[in-house]
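Some notes on this model follow, as numbered points. They begin with the fold and end with the surface.

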Amino acid sequence: MGIFSRTRDIIAANVTDLLDKAEDPAKMIRMIILEMEETLVEVRASAARTIADQKEMRRHIAKLDKLQESWTEKAELALSKDREDLAKAALVERQKAADMADQLQAEITVLDDALKASEADIAKLQNKLREARARQNSIATRLESAENRYRLREMYAGERVADAFSRFDTLERRVDMAEGRADAAGMGGAKSLEEEIAELKSAEKVDAELAALKARLNKEG
């Protein structure tokens, strides 16, 4: 069963309300657009049939007009021959053709009104269809944005990212260990010239302090 019961329901429908009540707005808008497109095709096809019917009626009216002229000529000929009975019969046939032409013309007028209504309905349907397609684009954009945000959040908070950062920590620890081994390898090696001179100065200072301390103790003794 369709969402709408055809043209009038579609024109009167509030697309926003339908989408607000839908559990799946994306699916609902696709269904709405599909039904609108199908209805638009049907209304246009109906209008095309009406136009074709009018053309056929006008051709028939043209034939009836010629028939009336023919019966008029026949009535005139009969009168010229003093055959009033035949002239009267010819006029009766002409009147039948005239009545039929009038009836067809009345039907054409009715069809004209129907065509105007169809034209107005087509314009309204096209506006509704444009509105629905605009909503579809909006929904698609919002849905894509939401999915992108979800993927980003999943990427940042997911196990793969946590695992990657854990691997980074392990690698950094390995680098720390390598640097520590390099620093330790330099310990206890040959002293530089500056280091040896500094040690001599320190030893000389200690020796001087020791000699002074011995001298003080001997003096006190």
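1. Read along the sequence, the protein chain of this predicted model runs α-α-α-α-α-α. That is six helices and zero strands.

2. The mean pLDDT is 81, with 82% of the residues at 70 or more. Helix α3 has the highest mean, 92, whereas α5 (residues 159-185) has the lowest, 68.

3. The geometry of α3 can be checked against its length. With 56 residues at 1.5 Å a residue, α3 should span 82 Å, and its end C-alpha atoms do lie 82 Å apart, so the two values agree. Just after α3, Asp82 adopts a positive phi of about 60°.

4. The largest nonpolar core holds 15 residues, and Val15, Leu19, Ile29, Ile32, Met36 and Ala132 make the most contacts inside it. Two or more of its residues come from each of α2 (15-21), α3 (25-80) and α4 (84-157). Helix α3 supplies seven residues, the largest share of this core.

5. How much of the protein chain is buried? Of its 221 residues, 20% are buried. The accessible surface of the chain is about 17200 Å², and carbon and sulfur atoms account for 55% of that area.

6. On contact range, consider pairs with a separation of 6 or more: 77% of these contacts in the protein chain join residues 24 or more positions apart.

Note on methods:
Residues numbered from 1 in each chain as written. Predicted model: local features only at pLDDT ≥ 70, side-chain atom pairs only at ≥ 80, totals over all residues. Heavy atoms only, no water. Core = buried A, V, L, I, M, F, W, Y, C linked by side-chain atoms within 4.5 Å. Buried < 20%, exposed > 50% of the residue type's maximum accessible area, 1.4 Å probe, protein only. Helix = DSSP H or I, 4+ residues; strand = E, 2+ residues; numbered from the N terminus. pLDDT = per-residue confidence, 0-100. Expected span 1.5 Å × (residues − 1). Contact = heavy atoms within 4.5 Å. Areas by Shrake-Rupley, 256 points an atom, 1.4 Å probe, with all protein chains shown as cover.
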